[in-house]
Amino acid sequence: MKPLLTSQQLIPDHQFGLRPRHGTTEQAHRLVHNIHEDFQHKRYCTATFIDISQAFDKVWHPGLLYKLKRTLPHSLYSILKSHLTNRVFQVRYQEECTSLHKIQSGVPQGSILGPVLYYIFNAELPVSDHTLTATYADDTAILASHTDPLNAGRHLQQHLDKLEHWLKRWRIGTNESKSTHITFTLRSGECPAVHLNGTIIPQGTIIKYLGINLDRRLKWKSHIQNKRKQLGLLLQRMY
């Protein structure tokens with residue numbers, strides 16, 4: 001499937017999972033580079049880091065099969081349809097077992113195909129000319145920049161409105177309370193709050209994305225303290 005995914009560009013450019021020479025380091029560098037560019041041009045960078053609810057477990061099977069049938073050759077579609085349908089699960093506790101129940105959503109985790117199917121399902125994530133979208137698997141960040149904080153917030157909210165409609169169409173849930181809205185800037189002031197699914201996204205001054213702590217001025221103090229703490233715990237274990 002990989003040559004087909006590459007030749008037909010079924011994995012979008014903003015998705016850095018599964019793609020050769022793309023990883024968490026490259027995606028984080030892309031994000032930080034964009035923020036530094038805004039600092040140099042005295043712009044406000046308002047960003048939302050969205051928490052997708054049980055991303056791999058809640059993939060809607062009819063929607064996924066529709067996208068597979070539309071994008072892949074019939075032979076591959078038939079194999080993948082057989083792989084996804086008529087799957088069951090059972091819960092066992094000590095010596096007791098439940099009856100069999102049909103699995104109606106999700107991609108098989110721990111398999112090679114699991115991430116591939118998830119990326120195809122989310123390949124049409126809405127993008128905008130006024131924002132930057134960064135994804136790695138289900139880790140999703142949307143950034144908007146402008147010299148005027150109100151315009152930056154407006155561009156971000158417009159993108160979130162498009163995203164909200166798309167999420168509802170494909171039955172993808174989000175944890176608004178676990179998502180974070182942050183303004184990266186060297187100037188004073190904040191960008192206006194934004195909302196998703198009728199819920200205002202909590203604002204913060206530090207966000208952890210792909211293992212890196214990003215503060216609003218990119219001072220790296222929080223990230224360095226966190227790494228020193230981790231190294232201290234490792235040193236204690238060595239003793």
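Residues are numbered from 1 along each chain as its sequence is written, and side-chain values use heavy atoms, with hydrogens and water left out. Because the model is predicted, local features need pLDDT of at least 70 and side-chain atom pairs count only at pLDDT 80 or more, while totals for chains, interfaces and linings use all residues.

A search of the whole structure finds 2 cavities of 30 Å³ or more, a cavity being a set of points on a 1 Å grid over the protein atoms alone where a 1.4 Å probe fits but cannot get out, with lining residues having an atom within 4 Å of a point. Grid points are joined across faces, edges and corners, and a volume is the space filled by probe spheres set on the points.

Next, select the second largest cavity through its lining, which includes Ile52, Lys58, Tyr118, Asn122 and Arg171; its volume is about 50 Å³.

Now move to Ala137, whose phi is near 60°, a positive value in a residue other than glycine. Ala137 counts as buried, at 16% relative accessibility, where buried means under 20% relative accessible area, exposed over 50% and partly exposed in between (1.4 Å probe, protein chains only).

Definitions and conventions: 1 Å grid on protein atoms, 1.4 Å probe; cavity = no way out; pocket = protein on both sides within 12 Å on 5 of 7 lines; lining within 4 Å.
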